[in-house]
Amino acid sequence: MGTREVYEEKLRSGAHLHRDPTINPGLGSPRCPRCLSLLNPTAGEKDWTITPVLHGATAVAGSGTGALLSAVHGFNTGIPFVQKHVKGPKWLPLVVGVPPLLLFSGASAVFGAYALPRFAQLTVTSYYAASTGAHYAVSQITRLIESSHISESDEKSR
């Protein structure tokens, strides 16, 4: 009952659809409305978490983005500042300015690798918090309709 194929087969066959709602709050685990896969909260934290693959991908993207943006910003603003204050041959401001630029770029890469996965986690948690409330309301309405349909069919059969 947990996979999309099984649900599509039930739709085709029409077996027990009026007694088998897709999302049944309080019983079992909630399911994704698109693919019907199980949505499991982290047991220890009682919080929705992103997968390790998504966490790793966002960390790599965040570190690359942070390093790239800080390097561009550093070369556009930092090197002219150093050139204005360090006098001497043309290579001296570059030798003086590159080490702080590399430290700034590295710190920005670390911040990006930390911040982007946190932002992805916030997005996923917010999505599930909003969708859980909506699914609960839809499920309660579905239960009400199903129970009234079952009671009507029981009264007609008598």
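User: Where does UniProt place the feature "transmembrane region"?

Analyst: UniProt positions are given in the numbering used here, with shortened feature names, and annotations may be inferred rather than shown by experiment. In this case the unreviewed entry puts the "transmembrane region" at residues 91-116. This is a predicted model, in which local features need pLDDT of at least 70, side-chain atom pairs count only at pLDDT 80 or more, and totals for chains, interfaces and linings use all residues. Residues are numbered from 1 along each chain as its sequence is written, and side-chain values use heavy atoms, with hydrogens and water left out.

User: What is the helix and strand content over residues 91-116?

Analyst: Helices (H or I, at least four residues) and strands (E, at least two) are DSSP runs, numbered from the N terminus. Residues 91-116 are 100% helix and 0% strand, with 36 Å between the end C-alpha atoms. The protein chain has 3 helices and 0 strands, in the order α-α-α along the sequence.

User: Why does Leu 122 count as exposed?

Analyst: Buried means under 20% relative accessible area, exposed over 50%, and partly exposed in between (1.4 Å probe, protein chains only). Leu 122 counts as exposed because its relative accessibility is 53%. Leu 122 belongs to helix H3, residues 91-157.

User: And how much of the protein chain is buried?

Analyst: Of its 158 residues, 20% are buried.

User: What share of contacts joins residues at least 24 apart?

Analyst: Contact means heavy atoms within 4.5 Å. Among contacts in the protein chain between residues at least 6 apart in sequence, the share is 67%.
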